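Me: I am new to this structure and would be grateful for a close look at its aromatic rings. Please describe how they are arranged.

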Amino acid sequence: EVHLVESGGGLVQPGGSLRLSCAASGFSFSDYWMDWVRQAPGKGLVWVSLINTDGSDTNYADSVRGRFTISRDNTKNTMYLQMNGLRAEDTAVYYCVRNGGWSRFDFWGQGTPVTVSP
Amino acid sequence: DVVMTQSPLSLSVTPGQPASISCKSSRSLLNSDGKTYFYWYLQKPGQSPQLLIYEVSSRSSGVPDRFSGSGSGTDFTLKISRVEAEDVGVYYCMQGIHLPSTFGQGTRLELK
């Protein structure tokens, strides 16, 4: 059974940093692209970033490019999102998602909340 | 970015009755491989989103056959033949052919 478990969220001041992790199990992690999607409180879903199978190709939403860095460690079956220069508008639940191809997000984690506030 | 526009934004349906949600994209979602990378997701209350429909009309594993997707190019529809209590939540359409992937605003389905 596929499991995606996010961790690392929390309360951080504006300008601060957090590193989110996504531990994957139940499938061959190194065979799949992976993405992060976020959802601000009471709002809709917004794609954040993606990474290919070996980490050599990444992409970001304009709103986070230059501040966030996605990475993965296939030996640990784990994906990361390093978030620097956090802003109030980054406050959201961050979901780790498995990309089944062409952004077919076939499995989602439970999400980890990030709150950016003084 | 490709804009995905859903309608209606909210829907109140009597159990056992049908429901329909429309989604329009600002660009064609037809790829050169002949496939259309368009999806429907459902976020039930208090839960993570789940994939319902992929490539316009294919149901994801475990999705009941009362859910059906149709459409082409820029216009798509999700239909529920007979709404049940477990169908309550927010439905999102999404395109995956043009980066960044973009979602519709969401359609909230509630029971009458």
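Reply: The charged end of Arg104(A) sits over the ring of Tyr54(B), 4.5 Å from its centre; a charge counts as sitting over a ring if NZ of Lys or CZ of Arg is within 6 Å of the ring centre and within 35 degrees of the ring normal. Likewise, Arg98(A) places its charged end over the ring of Tyr32(A), 4.0 Å from the centre. This is a predicted model, in which local features need pLDDT of at least 70 and side-chain atom pairs count only at pLDDT 80 or more, while totals for chains, interfaces and linings use all residues. Residues are numbered from 1 along each chain as its sequence is written, chains are lettered from A and ligands numbered from 1 in the order in which they are written, and side-chain values use heavy atoms, leaving out hydrogens and water.

Ring pairs also link Tyr95(A), Phe105(A), Trp108(A), Tyr39(B), Tyr41(B) and Phe103(B) into a cluster. Rings of Phe, Tyr and Trp (its six-membered ring) pair if their centres lie within 6.5 Å; planes under 30 degrees apart count as stacked, over 60 as edge-to-face and the rest as tilted.

Over all chains, the whole structure holds twelve aromatic pairs. Phe38(B) is buried, at a relative accessible area of 0% (buried means under 20%, exposed over 50%, partly exposed in between, with a 1.4 Å probe and protein chains only). Trp40(B) is buried too, with a value of 0%.

Phe67(B) and Tyr91(B) form a tilted pair, 6.4 Å centre to centre with 35° between the planes.
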